[in-house]
Amino acid sequence: MMYLQHITEIDKHDDQVVIPALRRNLLNASDKLIALEPAMPGVYFDAPDIELNYDVAIVCMSGGKDSLVALKRLLDMGFPASKIEMWHHLVDGNEGSSLMDWAFIDDYCVKFSEAVGIPLYFSWLKHGFEGEMLKSDSKSHSHFIQTPEGLMELSRNSAKAGTRLKFPQQAASLQTRWCSSALKIDVGRRGITSQNRFIGKRVLFVTGERREESGNRARYNQLEPHAGDTLRKSKSPRKPRHIDAWRPVLHYSEEQVWQTLADWRLVAPVPYRLGWSRSSCQSCIFNGERIWATIGQYFPEKLKAITDYERQFNTTISRKGLTVSERAAIASPINIEDEPALMQATKREYTLPIFLPEGESWKMPAGAFGQEVSGAS
Ligand code: SF4
């Protein structure tokens, strides 16, 4: 059963101290070249294998191939499934918006969680991407965090009022590309700082980025203290928490990723079966022309919703000033041949198999090794 809990003191500290500090760290980090000489204890540029002496591992589960393989690697290294939990951030929130994400992705994560027997917790910014984008001289919405004890609402009353009224910009900087920080990073960090069950514990926070994906990700550290860690920030923290952020597949090639999923007999997630090379928001701001053309062909209401907002804001996602509809018109759509995946794409309930049924052979999806630009980098 779920219950709501307001933690105003934590909220105040988070909004005034922790989130601004996290943003500063992230913004600075994106400007740095390779961190060959770690500036802080516990920071390692390369750490493909680590000692797994943790009380709990939190795996950020987007439902895309890299987060699935990150979980598999943790299991293959012998970390007990009973100490793992998965967190999935609802990009569109949980209040009815469906502007950005795939309809089925939340239920896919639920069905995957049931299939592997590892608990899943949702967390989100109230009203999601759309609500944050429509902020007009207004304050940030609450965070919601599912926990083993129930649902917490963490208000943002002490945050400053602000205005967005435009899409995040296509940049490495998380200040202009605000969706990643506002909808995922901040929410995940608050999930840690708001739960007393992590105090006095060693926690491993696992994400699935890979260096191969972009020049920006090539510069990531593989192991470092998470923003919610207190032990390496202070000699005697009030709430001692050892939280390491680890990227177990940072060094993986795409080939290794698909091979891992094939060996696991995990059916390729639907976006790849449709031809997307990345599984992130369906209407990701980084989508290229061909993906917008494909969205226009098969999911026209999605293309229209984004175009309408670009016109309303008088600011397009593209720096060239073309709306996504105009960009869609200059490319040819992918010819989607995977009918079951296409049928699934518009449904909220995920009904396709998670793992391959006995006797069926694994298929490389159409989007594997694709060049079509889709998803954040
Ligand atoms: S997938 Fe794209 S649109 Fe969605 S949060 Fe990430 S960068 Fe933003």
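Helix H2 is mostly covered, with ten of its twelve residues buried. These buried positions are Lys 65, Asp 66, Ser 67, Leu 68, Val 69, Ala 70, Leu 71, Lys 72, Arg 73 and Leu 74. The model examined here is predicted. In it, H2 comprises residues 65–76 and reaches 16 Å from its first C-alpha to its last, close to the 16 Å expected at 1.5 Å a residue. Just after H2, Gly 78 adopts a positive phi of about 95°.

The protein chain as a whole contains twelve helices and eight strands. Of its 377 residues, 55% count as buried. When contacts between residues at least 6 apart in sequence are considered, 76% of them join residues at least 24 apart.

Lys 72 counts as buried because its relative accessibility is 15%, the limit for a buried residue being under 20%.

Charged pairs were examined next. The whole structure holds 19 salt bridges. One of them joins Asp 66 and Lys 65, whose closest N and O atoms are 3.7 Å apart. Both residues belong to the buried part of H2: Asp 66 has a relative accessibility of 8%, and Lys 65 has one of 2%. A further salt bridge is formed by the side chains of Arg 210 and Glu 212, at 3.1 Å from N to O. In this pair, Arg 210 counts as buried at 3% relative accessibility, whereas Glu 212 is exposed, with a relative accessible area of 52%. Salt bridges with shared partners join Lys 65, Asp 66, Arg 210 and Glu 212 into one network. The network therefore includes buried residues, among them Arg 210, together with the exposed Glu 212.

Another salt bridge connects Arg 164 with Glu 132, the closest N and O atoms lying 2.8 Å apart. Arg 164 is located in the loop between strand S5 (150–154) and helix H5 (178–193), while Glu 132 is located in helix H4 (residues 128–133), so the pair ties together parts that are 32 residues apart in sequence. The two partners can also be described by their accessibility. Arg 164 is partly exposed, its relative accessible area being 23%, and Glu 132 counts as buried at 3% relative accessibility.

Two packed helices are described by the angle between their axes and the distance between the axes. The axes of helix H9 (residues 289–298) and helix H10 (residues 300–313) come within 5 Å and cross at roughly 120°. This angle makes H9 oblique to H10. On the H9 side, the contact involves Trp 292, Ile 295, Gly 296, Gln 297 and Tyr 298. These residues meet Pro 300, Lys 302, Leu 303 and Ile 306 in H10. By class, the contact of H9 with H10 consists of six nonpolar, two polar and one charged residues.

How values were computed. Residues numbered from 1 in each chain as written. Predicted model: local features only at pLDDT ≥ 70, side-chain atom pairs only at ≥ 80, totals over all residues. Heavy atoms only, no water. Helix = DSSP H or I, 4+ residues; strand = E, 2+ residues; numbered from the N terminus. Expected span 1.5 Å × (residues − 1). Buried < 20%, exposed > 50% of the residue type's maximum accessible area, 1.4 Å probe, protein only. Axes fitted to C-alpha atoms, helices over the stretch in contact; angles between N-to-C directions. Parallel < 35°, antiparallel > 145°, perpendicular 65-115°, else oblique. Contact = heavy atoms within 4.5 Å. Nonpolar A, V, L, I, M, F, W, Y, C, P; charged D, E, K, R; others polar. Salt bridge = Lys/Arg side-chain N within 4 Å of Asp/Glu carboxyl O.
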